[in-house]
Amino acid sequence: MSIDTSKVADSNTTAATAKKPNRAGAAATWADDRLGLATMMKKNLRKVFPDHWSFMLGEVALWSFVVLLLSGVFLTFWYVPSMGEVHYEGSYDPLRGVEMSEAYASSLKLSFDVRGGLLMRQMHHWAAMLFIAAMMIHLLRVFFTGAHRKPRELNWVIGCLLLLLGTLEGFTGYSLPDDLLSGTGIRAADGFLKASPVVGSYMSFFLFGGEFPGDAIIPRFYTIHVLLIPGLLLALITAHMLLLVYHKHTQWPGPGRTEHNVVGYPMLPVYAAKAGGFFFIVFGVTALMGGLLSINPVWLFGPYDPSKVTAGSQPDWYMGWPDGLLRIMPGWESHIFGHTISWNVMVPILLVPPLMLTILILLPFLESWITGDKRDHHLLQRPRNAPTRTAVMVSLMTFYGLSWAAGGNDLIAITFDLSINQITYFMRVAVFLGPALAFIITKRWCISLQRKDEEVLLHGYETGIIMRSPEGGYSERHLPISEARAFTMTARDRDPDLAELQSGEDGVDANGLEPKRSPLAGIRRRLQTTMYADNIQKPTAEELEAAHHHAEHEHELQAAMEGVSADGHQFDGHHLVEEETLRGDH
Amino acid sequence: MRHVNGWTNRWAGRLSRHRRRPIAGAVLLLLGLVLTGSMYAVFAPAQAGSTDSNEELVREGRALFLVGCSTCHGVNGEGIDTVNGNQLGPPLAGVGAAAVDFQVGTGRMPMAQPGQQNPVKPQVYDQDEIDALAAFVASLAPGPAVPDEADYSTADLSEEERVEAIARGGLIFRTNCTACHNFAGNGGAMPRGGYAPDLSQTEARYIYEAMLTGPGNMDNFSDGNLSPEEKRDVIAYLYSLREQPAYGGFTLGGLGPVSEGLFAWVVGIGAMVGFAIWIAAHTTRSTRQKDGQAA
């Protein structure tokens, strides 16, 4: 390797004098001399991020987490994590003199006696709701666009763990005020623990430091809520973002966008401003919600008392779907050797949610096992171009949504004048039937959209111009789409040929021996067929060529009209109309 | 002894001589009536108001009852059973004036149609007619009377006593009522399409009567169970909730986490996605745009 020496000074007559640096420059140099960050920064400040609104959903989660950290620190200044009994003597009259825990009393103090305390409490709670909601829509975006494929499977797993941890963090958080509603939630959690066979009561006594409620659960939840889970969340969020930087961001296909580049603005100055600005927007929206919309009015619930419960006792939304499953589960129990197995609690709480989480975590691995696709992917797919994948997620969403709705069965009943029992019967069937129907409908819908794309690619778009032939027949004129659009639509892989994909396993190998068939191979073949069989294949170059040739021929037939009378384009925006008249020279 | 016997015999003989006279029957009847009447006056429960006007009221009430209520409740309020063993209307002896005032006063009765629960409707009878109906039903058998305003008013309490009453009422409400009526009295669902109604608009008198008579699925909080003062405190708490400022902002229906979740998704996530679309709309282009076309 030769060294370019043309820029090297060949004389050394005068001493180099640096220009007088400005203050910022001086500070930067000072820092760089000691930290040596310039090289790393140089690279990362120029890092390019692609722009699409759906790429910012994860950012909503990130920024609401920051809001959670800020408002949470404020709350810890006044919150007292203790179940010690006190008589309330604060400024909220209707609870004056009532016996309650110090935790609840300090929550009331935060709400009524600390300046800005209620705002911070409400912001913290709204931000928590948004944090998990944003994680979820971010997850959906990633899956629907195929961004979970290699090399990003591990980041998918981290994301799933973040979702789980966020949920646990939320649960421990809303338990802390020790009000009647959250105490009911802890009571339910105690019941879930106790429903575990054999170890249930031991786990419950371990968690509560004795029989429920004891006086240990609030301080324990506090430590978990402000130390353990936030630490894990921070670590995992860091890992999530480091992997994001390492993998580079995915992008939508389009002219100039390939598997090997990223088209967008660099980190500095544009993206830092956009993302930083977005933080202030998230903070602002959360502050508005915290200031205007009441959330968790603990003063109305009253202090926790195991003998009480209130109508409308629901967990926060993200725990709603297991609660819904619990509500619609038939009351099945079996009795074995004097022990009760509570299927009615075990199935909806201890079996289905962990199963769903496992399915979620495994989705990218299952998909790559079925498709056999081990290549890197940095270009996103439209949901319609992976009909089976899209249908699987919609099916899971339907299950989630129905279970979730069942968690609000009592409010659905009073709002829509329905019977809570009939809702329960309906949901028992719907949670099975709904996902199956959703799968079929979504898959066919995607395939129809693919068919429409193919139509547009091969025959052009519908102009809305109706032509009458000399014979008197009517037909609509199609025109080819722009090249950029055609490129974007065709910038995807052709689906693998099923016969080819499966022939390697079917036929004899080079030595004339039957290949070993694992019992899974059959399942895999069947899943491959389900995955691809009905998809509309991307047209080949020859098919496109033939279609364009056909279109050109049509154009020749119509050429006689040009400049004679209206070609119909005056109104569809395809060319300017200033100098054209509808009837030619007339 | 002999002297006394002689006097009695003489007197009995004199009576006996007149026993077949036509007037004897009438005198005996009169005697019996006077005796019964005075016995009744001594032993019968005292009625509010003068006897004359009450009888008048009962008569009026009976007339109204025969027209509007007897189809289901029977001409004497004895209730009517169907052939299936269900009740067309329950017997009303002993439900008291309070039950009538509650059911008819809130428009629940007369029922427009059979159903899981009779809903609150505009009143069909005016207050005078309701009083008459109540008087008639109260005349069937003793039962709880319509409460006076003094029973549930906190007007005569000092400010300090009032605050204490509200705190006490809150405790009772959260113990006995929130399980069905929700923590803020906004109502909740009951099995098979029933519901515990929203209490945020209900008049104090009807809340009191409901506690006293336990309509529908509701428990009956008799005076031995919740003293009149405790009932008053519950009402005071419910009224204090109405006067309470919405400390946290819009209450979102006061229904708990379900409506909060709905707002988080619709308002919160809706706003965030809206802003994300706005921010991402100003982006790089990898294709040249035609001159003259707006960016």
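The legends below accompany close-up views of a predicted model.

**View 1. Overall make-up of chain A.** Chain A, with its 586 residues, has 34% of them buried, and its secondary structure consists of 20 helices and 8 strands. When contacts in chain A between residues at least 6 apart in sequence are considered, 73% of them link residues at least 24 apart.

**View 2. Helices H7 and H8 of chain A.** The axes of H7 (residues 180-195) and H8 (residues 200-208) of chain A come within 6 Å of each other and cross at roughly 140°. On the H7(A) side the contact involves Asp190(A), Leu193(A), Lys194(A) and Ala195(A), while H8(A) contributes Gly200(A), Ser201(A), Met203(A), Ser204(A), Leu207(A) and Phe208(A). Sorted by class, this contact of H7(A) with H8(A) holds 5 nonpolar, 3 polar and 2 charged residues.

**View 3. The side of chain B that touches chain A.** Here 54 residues of chain B are in contact with 65 residues of chain A. Among the elements of chain B that give two or more residues to this side are helix H8 (159-176), helix H11 (228-243) and strand S3 (188-189), whereas the largest share, 17 residues, comes from H12(B). By class, this side of chain B comprises 32 nonpolar, 19 polar and 3 charged residues.

Methods: Residues numbered from 1 in each chain as written. Chains lettered and ligands numbered in written order. Predicted model: local features only at pLDDT ≥ 70, side-chain atom pairs only at ≥ 80, totals over all residues. Helix = DSSP H or I, 4+ residues; strand = E, 2+ residues; numbered from the N terminus. Buried ≥ 20, exposed ≤ 12 C-beta atoms within 10 Å, placed from the backbone. Contact = placed C-beta atoms within 7 Å. Axes fitted to C-alpha atoms, helices over the stretch in contact; angles between N-to-C directions. Nonpolar A, V, L, I, M, F, W, Y, C, P; charged D, E, K, R; others polar.
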